[in-house]
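Work through the following exercises with the sequence and the coordinates at hand, and try each task before reading its solution.

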Amino acid sequence: MELKRLFTDPICALATARGVSAIATVRCSGERILERLLPLLERPDKPKPRRIYLTSFKAKGEFLDEILFVYFQAPASYTGEEMVELSFHGNPIIIDRAMEALLEAGFRQALPGEFTRRAVLNGKIDLPKAEAINAMITSRSETALDVARRSYVEGISKEISIFREEIIRLLATIEVELNYPDEVETDYKDLGEKLNDLSESISAFIESASKGLRIAQGIKTVIVGETNVGKSTLLNALLRRDRAIVSDIPGTTRDTIEEDLSINGVLFRVIDTAGIRASNDAIEEMGIQRSLKAIEDADLLILLSDPAGDPGYLQKIDLEGKRVIRAANKSDIRQIDGAGYDVVISARTGQGLASLEKLMVEKTVDLTSIGEQIIVSARQRVCLQECLRYLHQSLEAIEERVTIDIVSTLVESAAKSLDELLGRNLTEDLLDRIFSDFCVGK
Ligand SMILES: Nc1nc2c(c(=O)[nH]1)N(C=O)[C@@H](CNc1ccc(C(=O)N[C@@H](CCC(=O)O)C(=O)O)cc1)CN2
Ligand SMILES: Nc1nc2c(ncn2[C@@H]2O[C@H](COP(=O)(O)OP(=O)(O)OP(=O)(O)O)[C@@H](O)[C@H]2O)c(=O)[nH]1
């Protein structure tokens, strides 16, 4: 395989976070790397695989650090290549010198995700598993980590492969017709039914699996309201720090501000919007347009009002099918009649904030309960949606009695979308796109 030969040169990278730490581990991988490394070490001459050795690491022929050293013999390693791990004392200056010595010994700095990329190319793990590994590392909440861990342990490849096989089976029947047009009469009705069933299964899979993606990205929670009702103050209160500018000048927030907030292990992506009102200011108007867009995309809206104010504009927002929490603010300065509100708060004093957080979790439980299926990357969802689109197109083609060769091409494209998801037919371009998101050293 051409791709494989391109990627066997010696690479190295710091695998632990950069900074002062107890220990810092550098990983190396590639063909015959041991012979490059041994001259840098005091001992041993012939390390046994997967043993930990205490030894010295030399840079420019001089003692640099006392380290632990592990050798993995190919193909029994994470990447499937010969690998070595060197654990130094966690000082970035030591790591810089060590890396310099490794570069002199013929290694190059690994690209982001390059170790995992090699693991995929060497057949150690498949592409969805590589994405699950990255999701495990980057999960920003407990539930997101649960989703990632499930996809890591159970994987989605099996389920996707079953869909793919069904498509291939359909394709086979179509091809019989293509090859023997005179002998076989295509049963369009049967083909249509099968395609329809398959589309429905895939559609249901996308629906339920998309939950995982939403959990990972955070529940989009948009704070909406008139100017000056205290939206930015509420964002700061939820985050427990001063993120957004608060002032008594209406129209202070000009653009949407997004921050992560974890409540009971659930990740919310909280978005503070520009207050909505009629405005003559072009920039404020752009902010208001962004607010409206954020509202459209929201999973949850917190409609914040100051009961002393005029809720006029809020009434213009289309709340059809939206999860909404109506919150009345500024309870510290006036008596608020709770009727018509889900919660009464003071963003300034924090009064009622815990009830609001509880409501946020309750209103979105249906989004955060993890279903049977799992999915970890937007890429995977795009592939599934593409597959579905081709299946729908082939159904239309059948209804319009288009020639069978066109149906065949469409069904084949549906299968190819799943191949892309599974990482069969890997291209360098696809690998570049996926692994550029990874950490260096992973
Ligand atoms: N020090 C260290 N910790 C680590 C890793 C690592 O590479 N080094 N990992 C990685 O990032 C994770 C563990 N995952 C790993 C997965 C496979 C292999 C490995 O050597 N696989 C071989 C042997 C399998 C076996 O003995 O059962 C193989 O697949 O052939 C190593 C680590 C998390 N912690
Ligand atoms: N007393 C009291 N004042 C508050 C409370 N929340 C916000 N305020 C004040 O109300 C004013 C407006 O607050 P902001 O948080 O900037 O309001 P906003 O809704 O983000 O305003 P715009 O950016 O103009 O849309 C500021 O003077 C805040 O200090 C509250 O709970 N109690």
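**Exercise 1.** Determine which side chains place an N or O atom at 2.5 Å from an oxygen atom of ligand 1, and then describe the surroundings of the ligand.

*Solution.* Start with Lys 124, whose side chain has an N or O atom 2.5 Å from an oxygen atom of ligand 1; Lys 442 likewise has a side-chain N or O atom 2.5 Å from an oxygen atom of the ligand. For Arg 50, the distance from a polar side-chain atom to an oxygen atom of ligand 1 is 3.0 Å. A polar contact is a pair of N or O atoms within 3.5 Å; within protein, one must be able to donate a hydrogen and the other to accept it, and residues adjacent in sequence count only if both atoms are side-chain atoms. Of the 680 Å² of accessible area (Shrake-Rupley method, 1.4 Å probe) that ligand 1 has on its own, the protein covers 46%.

Next, list the residues around the ligand, with a heavy atom within 4 Å of it: these are Arg 27, Arg 50, Pro 75, Ala 76, Ser 77, Tyr 78, Glu 85, Lys 124 and Lys 442. Sorted by class, this shell holds 3 nonpolar, 1 polar and 5 charged residues.

The model is predicted, with local features requiring pLDDT of at least 70 and side-chain atom pairs pLDDT 80 or more, whereas totals for chains, interfaces and linings use all residues. Residues are numbered from 1 along each chain as its sequence is written, chains are lettered from A and ligands numbered from 1 in the order in which they are written, and side-chain values use heavy atoms, leaving out hydrogens and water.

**Exercise 2.** Which peptide bond is cis, with omega near 5°?

*Solution.* The bond in question runs from Ala 74 to Pro 75. Pro 75 belongs to the loop between strand E4 (62–72) and strand E5 (82–90), where strands are DSSP runs (E, at least two residues) and helices are runs of H or I with at least four, numbered from the N terminus.

**Exercise 3.** Locate Arg 32 and Arg 401, and decide whether each is buried or exposed.

*Solution.* Arg 32, not a glycine, has a positive phi of about 45°, and is found in the loop between strand E2 (21–30) and helix H2 (34–37). Arg 32 counts as exposed because its relative accessibility is 54%, the limits being under 20% for buried and over 50% for exposed, with partly exposed in between. Arg 401, again not a glycine, has a positive phi of about 55° and lies in the loop between helix H13 (378–399) and helix H14 (404–422); its relative accessible area is 57%, so Arg 401 is exposed.

How values were computed: Ala, Val, Leu, Ile, Met, Phe, Trp, Tyr, Cys and Pro count as nonpolar, Asp, Glu, Lys and Arg as charged, and the others, Gly among them, as polar. Buried means under 20% relative accessible area, exposed over 50%, partly exposed in between (1.4 Å probe, protein chains only).
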